[in-house]
Amino acid sequence: MLRVCSRFVNPEDAKELAGDAIAWLWEHRQDLRIETSLSSYLLKSVQNRALNLRQQQERKAHADTRYYEKMEEMIRDSVDELHYRELSALVKRAIDDLPSEYREVFVRHRFSGRKYKEIADELGVTVPIVAYRIQQTTRLLQQKIDPIVQMTAPAFLCQMLLNHT
């Protein structure tokens, strides 16, 4: 079960999903009518859980990327060109300071427009790893950039950024 699940999610999530599937099966054992073998049923159950988790992780990573893009757009719209250049330089430095594997994935996705699957194939990693790295990169950038934006952007923008989680 772990091998099937690990094709879609990281090993820790695979263990948790496999355990959840077994626990769910045990809790619902009297209501179930399994028409295939128990092992086939469990494998399919774990595979479906892994695919669902991967979709959730991808949606979260896409939301984080959209947040970054929206934040960048709002900064650009709310400050004059000089501030925009200064903030752009700060964002570039923040991106340059990222761990190399995070920076590489983020730059390929954000600036080259590659899809997660393309990046995963190019780097020889899984799609969930790409999604995780983009999610972590967005968090790291947010931690570095938010204090700077709070000092330079209008109050409404700062409030919006502070309320984002």
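This is a predicted model: local features need pLDDT of at least 70, side-chain atom pairs count only at pLDDT 80 or more; totals for chains, interfaces and linings use all residues.
1. Leaving aside residues up to four places away in sequence, Thr138 touches Asp64, Thr65, Tyr67, Tyr68 and Phe106. Thr138 itself sits in helix H7, which covers residues 127–152.

2. Is Thr138 buried or exposed? Its relative accessibility is 3%, and because the cut-off for buried is under 20%, Thr138 counts as buried.

3. Now to the charged pairs, where the count comes to nine salt bridges. One of them joins Arg54 to Glu58, with 3.6 Å between the closest N and O atoms. Both residues belong to helix H3 (residues 38–78) and are four residues apart, about one turn of the helix. Arg54 is partly exposed, at 23% relative accessibility.

4. Glu69 is partly exposed, with a relative accessible area of 33%, whereas Arg110 counts as buried at 17%.

5. In helix H4 (residues 81–96), Lys92 and Asp96 are four residues apart, about one helical turn. Their side chains form a salt bridge at 3.3 Å, N to O. Asp96 is partly exposed, its relative accessibility being 40%.

6. Finally, which residues are linked in a network of salt bridges? They are Glu104, Arg108, Arg114 and Glu122.

Note on methods. Residues are numbered from 1 along each chain as its sequence is written. Side-chain values use heavy atoms; hydrogens and water are left out. Helices (H or I, at least four residues) and strands (E, at least two) are DSSP runs, numbered from the N terminus. Buried means under 20% relative accessible area, exposed over 50%, partly exposed in between (1.4 Å probe, protein chains only). Contact means heavy atoms within 4.5 Å. A salt bridge is a side-chain nitrogen of Lys or Arg within 4 Å of a carboxyl oxygen of Asp or Glu.
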